[in-house]
Amino acid sequence: MTNPVTGEDHNNAEKRRRLKSIYIEKAFEFEYIQEKLPTSGQTRLKKTEQAIKKCLPQYEYFLADSPLSESDSTIQKYFKDMAFQVIQNQVDTNVLEQTVITQLQSVLSGITEKINAVVPESEQVKAKIDFDWSKLITTGFESDGSEGSIPLSARGDGFRRITMMSYFEYLAEEKHSDHQNIIFAFEEPETFLHPSAQENLFEKLNDISSAGYQVFMTTHSPVLVSKTQREDLHHIYKEQGNYQLNSNVTNYKEIADDLGVTVDNQFVSMFDNAKCLLLVEGVDDCNAFSHVSKIYHENGLNCKPLDDIGVVAIPVGGCGSIKHWVSLDLLTTLNKPFYIFLDSDKEAEQGNSPNADKLVEYGFVEGENFSVTRKREIENYISPEALERLAPGCGITFTDWCDVKGKAKQNDMRVALGGKKVANKHFSSLRFEELVSTFNPNGDDDEFLGLYNKLAELVKEA
């Protein structure tokens with residue numbers, strides 16, 4: 001069969017496509033022959049299946065109510081496949097299989113003859129030898145506590161979710177995966193987890209997504225939804241008995257109300273005495289600015305602790321999160337002046353700040369009611385020299401635009417550094433000289449004092 005345009009011979013794939021189109025065009029009847037794929041061995045069909053799988057994304061799905069034995073078997077399969085790969089690479093399994101078959105065949109043949117001698121001809125049997133190399137190894141997890149070793153199967157559902165998330169996180173970080181990509185799917189991953197554990201869960205999911213993998217998640221958790229960027233949200237709701245999907249979320253309060261995220265009167269009362277609200281990304285930022293204001297005041301700079309002048313810092317998450325917009329509703333309710341100070345998230349000095357661009361898009365004016373850090377994020381205000389003092393021997397180096405959390409997480413001394421929580425672990429231990437050197441490196445324009453003066457103006461206007 002040749003190409004009617006070029007006159008060249010079709011390859012096999014082209015022949016199949018051409019024959020199929022002719023059959024459809026002429027209404028010829030045809031059918032596909034299906035063959036069950038072998039579960040083991042190295043036949044041509046099995047190798048073809050393995051080659052095709054390597055071209056497709058790997059799919060990892062975590063069902064909320066899956067029993068522990070199922071999640072454990074998922075991890076087991078991963079290690080069994082790894083062990084089988086090592087066996088294949090280091091042992092000629094075909095030769096080994098043939099050697100075993102030869103040794104067993106004489107015994108099996110003798111037993112087979114004795115069986116067939118006493119059963120009817122219609123029930124005659126023949127010997128069969130199968131190999132499943134993955135069954136040679138079994139892995140497990142145990143935790144050592146005061147009551148002795150506790151197997152994973154005896155742990156609670158929350159611990160199971162932590163285990164599975166750690167497994168998925170490892171897959172995402174693995175540098176030598178044979179797969180082009182991994183698609184992660186989670187159904188209600190927050191089930192049985194404390195709110196603080198849910199925040200840690202979100203950070204893990206966000207890390208997986210940031211590594212370039214697709215992450216799908218269904219959730220009813222206000223904690224997880226509040227941290228999700230608006231462009232990543234899909235609102236599924238029920239209307240007149242039918243499920244509806246909105247993939248272009250603009251009404252944030254609608255989702256917040258749907259999830260029960262409301263302004264609590266007790267929460268509002270906490271800010272009755274506040275004169276000004278400082279909106280920052282996370283608790284780490286709150287602690288950092290509280291520490292800087294205290295140290296600056298103790299060292300004679302024209303600065304008082306934020307609490308003393310009536311400034312209350314609120315961690316609202318990223319500027320695109322639901323929590324941020326719920327907080328803005330809270331600001332309207334409180335009717336108090338506020339200022340937004342977020343990480344720039346710039347990766348180069350001359351780059352644009354995505355957070356600044358978004359805040360401008362939302363109608364805020366830079367310098368009037370918001371600003372962003374001159375460096376990438378709050379962790380960049382901990383100098384490498386300060387980290388070396390606080391974690392001797394870490395040898396970590398970075399610029400104003402590096403991902404410090406990523407470097408700390410990958411460092412051999414990540415536990416001493418705090419990993420992604422490097423700011424939470426070390427910022428409150430920074431000395432006055434270390435703070436000045438990073439907030440005012442040129443000696444003529446202290447970034448923190450600039451923020452403080454803006455807050456002090458808002459306090460006077462309140």
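Glutamine 58 stands opposite isoleucine 182, which sits in β4. Strands β1 (residues 58-62) and β4 (residues 182-187) pair in the parallel sense over 5 bridges. Two strands count as paired if DSSP finds at least two bridges between them. Strands (E, at least two residues) and helices (H or I, at least four) are DSSP runs, numbered from the N terminus.

This is a predicted model, where local features need pLDDT of at least 70, side-chain atom pairs count only at pLDDT 80 or more, and totals for chains, interfaces and linings use all residues. Residues are numbered from 1 along each chain as its sequence is written, and side-chain values use heavy atoms, leaving out hydrogens and water.

Buried means under 20% relative accessible area, with exposed over 50% and partly exposed in between (1.4 Å probe, protein chains only).

**An open sheet**

Now meet a parallel sheet of 4 strands, open and ordered β9-β8-β10-β11. Its edge strands, β9 and β11, each pair on one side only. Within the sheet, β8 and β9 run parallel and are joined by 5 bridges, with leucine 279 opposite isoleucine 314 of β9.

| Strand | Residues |
|---|---|
| β8 | residues 276-280 |
| β9 | residues 311-315 |
| β10 | residues 338-342 |
| β11 | residues 370-372 |

Helix α10 has 16 residues and reaches 23 Å from its first C-alpha to its last, close to the 22 Å expected at 1.5 Å a residue. That expected span is 1.5 Å times one less than the number of residues. Among the buried residues of α10 are Cys286, Phe289 and Tyr296. After the helix comes glycine 300, with a positive phi near 85°.

Which residues touch the most other members of the largest nonpolar core? They are Leu278, Phe289, Tyr296, Phe427 and Phe448, out of 42 residues. Such a core is a set of buried Ala, Val, Leu, Ile, Met, Phe, Trp, Tyr and Cys residues joined through side-chain atoms within 4.5 Å. Helix α18 (447-461) gives the most to this core, with 7 residues. A second, separate core of 17 residues includes Phe271, Leu277, Cys319 and Phe370.

Leaving aside neighbours within four places in sequence, phenylalanine 289 is in contact (heavy atoms within 4.5 Å) with Leu278, Val280, Leu306, Phe341, Ile378, Phe448 and Leu451.

Key
Axes are lines fitted to C-alpha atoms, for helices over the stretch in contact, and angles run from 0 to 180 degrees between N-to-C directions.
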